[in-house]
Amino acid sequence: MFRLGHLSDLHLGAVPGLRLRDLISKRLVGYTNWRRNRAHSMIGDTLERLVADLKAQQPEHIAVTGDLTNIAMKEEFENARRWLEALGPPDRVTAIPGNHDAYVPGAHHRYRALWAPWMVGDEAEVVDKALFPFMRRKRHVALIGVSSAVASAPFMATGRVGGEQTVRLMKLLSEAREEGLFRVILIHHPPKLVNARNQWRKLTDGKRFRRAVERCGAELILHGHDHIRMMTAIRGASGIIPVVGVPAASGAPAGGPRAGGYALHEITANGSGYELTVVHRGFAPTGEIVETARVSYSVDRP
Ligand SMILES: [Fe+2]
Ligand SMILES: [Fe+2]
């Protein structure tokens, strides 16, 4: 059995003071929002407690699906790199960026360089620059990291995969299928809008992404972004593909689907395919970390 931990949306709290030139950029909106909405709920030791709980489950690998920072300042990327180092070595942890990590144009250079060891494929000869999509093979599992992180206008949190990345994604999905691997796609934005009011934060080319996945197949899609525990699905060429969203890992310890939490994906190979069990763990209203949901699927071998 391969146990994969899944954390997202840490929004690491150390937002430094803004410099004057930041006040004229989108960062002002982000900083004001962070102060108003997040500072009170996303501080304290909730993230540390969740990570300790996750590590106690002894996952073989951990996936982090973006939004490590808030407003993509240099100090936040450095802080997030230290957090990644503490979470685990690059062969045990895979990360992708979220829209907050690409908050302003040009920010992507920072994570591509600073977080590269956790964001490159098996074939990468030099580990100094993240390129998407990338694929990592871990026993019977293929982890495919996609970036939907793009800078968007103030008050927007949209994402985009892009045509070129989609073509490469299809190639990786086909390769992994030929190898009989259990394909896990990591993407920050949910591939399909669940709530129509969230147009301003959707994946703008979600239809193209879904069509690619429907055509080439995948066994599991993991995302963050909506800060809520979510289980949806896409109908692929060879069956249903579970789509699992986790709440913010530094969310309030208050209970309910938005409380801070993470997921564990247990992938077991059997004779004809795979058995997948998704376990959500997160904060109960009492502040304890408990199992909050569990669902099992049978998956045919790709
Ligand atoms: Fe987020
Ligand atoms: Fe996000």
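Let's start with a pattern along the chain. The donors of the iron ion (ligand 1) are spaced D-x1-H-x55-D-x159-H. Keep that in mind. One caution before going on: this is a predicted model.

Which residues are those donors? On the protein side, they are D9 through OD, H11 through NE2, D67 through OD and H227 through NE2. They lie 2.0 to 2.2 Å from the iron ion (ligand 1). The angles among the 4 donor atoms run from 88 to 175 degrees, and the site is irregular.

Are D9 and H11 buried or exposed? D9 is buried, with a relative accessible area of 0%. H11 is buried too, and its relative accessible area is 0%.

The iron ion (ligand 2) has D67 (OD), N99 (OD1), H188 (NE2) and H225 (ND1) as its coordinating residues, at 2.1 to 2.3 Å. Along the chain, the spacing here is D-x31-N-x88-H-x36-H. This site has 4 donor atoms as well, with angles of 89 to 163 degrees. The site of the iron ion (ligand 2) is irregular.

You will have noticed D67 in both lists. How far apart are the two iron ions that D67 coordinates? The distance is 3.4 Å, and D67 bridges the iron ion (ligand 1) and the iron ion (ligand 2).

Look at where D67 and H225 sit. D67 is in the loop between β2 (61-65) and α3 (74-87). H225 is in the loop between β7 (220-223) and β8 (230-236). So the pair ties together parts that are 158 residues apart in sequence. Both D67 and H225 are buried.

Let's step back to the whole protein. There are 302 residues, and 58% of them are buried. The secondary structure comes to 6 helices and 12 strands. Take the contacts with a separation of 6 or more: 68% of them join residues 24 or more positions apart. The accessible surface is about 12,800 Å². Carbon and sulfur atoms account for 52% of that surface.

Next, a pocket. The second largest pocket holds about 410 Å³ of space. Its lining has 18 residues. Nearest its centre are G121, E123, L131, P133 and F134. Two elements give two or more residues to that lining: β4 (134-138) and α5 (163-178). Which element gives the largest share of the lining? That is α5, with 4 residues.

H265 is buried, with a relative accessible area of 0%. What does H265 touch, apart from neighbours within four places in sequence? Its contacts include F2, R3, L4 and H6. Also among them are L220, L222 and V244, and then L276, T277 and V278.

E288 is partly exposed, with a relative accessible area of 49%. The cut-off for exposed is over 50%, so E288 does not count as exposed. Leaving out residues up to four places away in sequence, E288 touches R49, G282 and F283. P253 is 35 residues from E288 in sequence. In space, the two are 8.0 Å apart, C-alpha to C-alpha.

To recap: two iron ions lie 3.4 Å apart, and D67 coordinates both.

Conventions. Residues are numbered from 1 along each chain as its sequence is written. Chains are lettered from A and ligands numbered from 1 in the order in which they are written. This is a predicted model: local features need pLDDT of at least 70, side-chain atom pairs count only at pLDDT 80 or more; totals for chains, interfaces and linings use all residues. Side-chain values use heavy atoms; hydrogens and water are left out. Donors are N, O and S atoms within 2.8 Å of the metal (3.2 Å for Na, K and Ca); water is not among the atoms, so sites may look incomplete. Four donors count as tetrahedral if all angles lie between 85 and 135 degrees; four count as square planar and six as octahedral if opposite donors are over 155 degrees apart and all others between 65 and 115; anything else is irregular. Buried means under 20% relative accessible area, exposed over 50%, partly exposed in between (1.4 Å probe, protein chains only). Contact means heavy atoms within 4.5 Å. Accessible areas come from the Shrake-Rupley method with a 1.4 Å probe; for residues, only the protein chains shown count as cover. On a 1 Å grid over the protein atoms alone, a cavity is a set of points where a 1.4 Å probe fits but cannot get out, and a pocket is an open set with protein on both sides within 12 Å along at least five of seven lines; lining residues have an atom within 4 Å of a point. Grid points are joined across faces, edges and corners, and a volume is the space filled by probe spheres set on the points.
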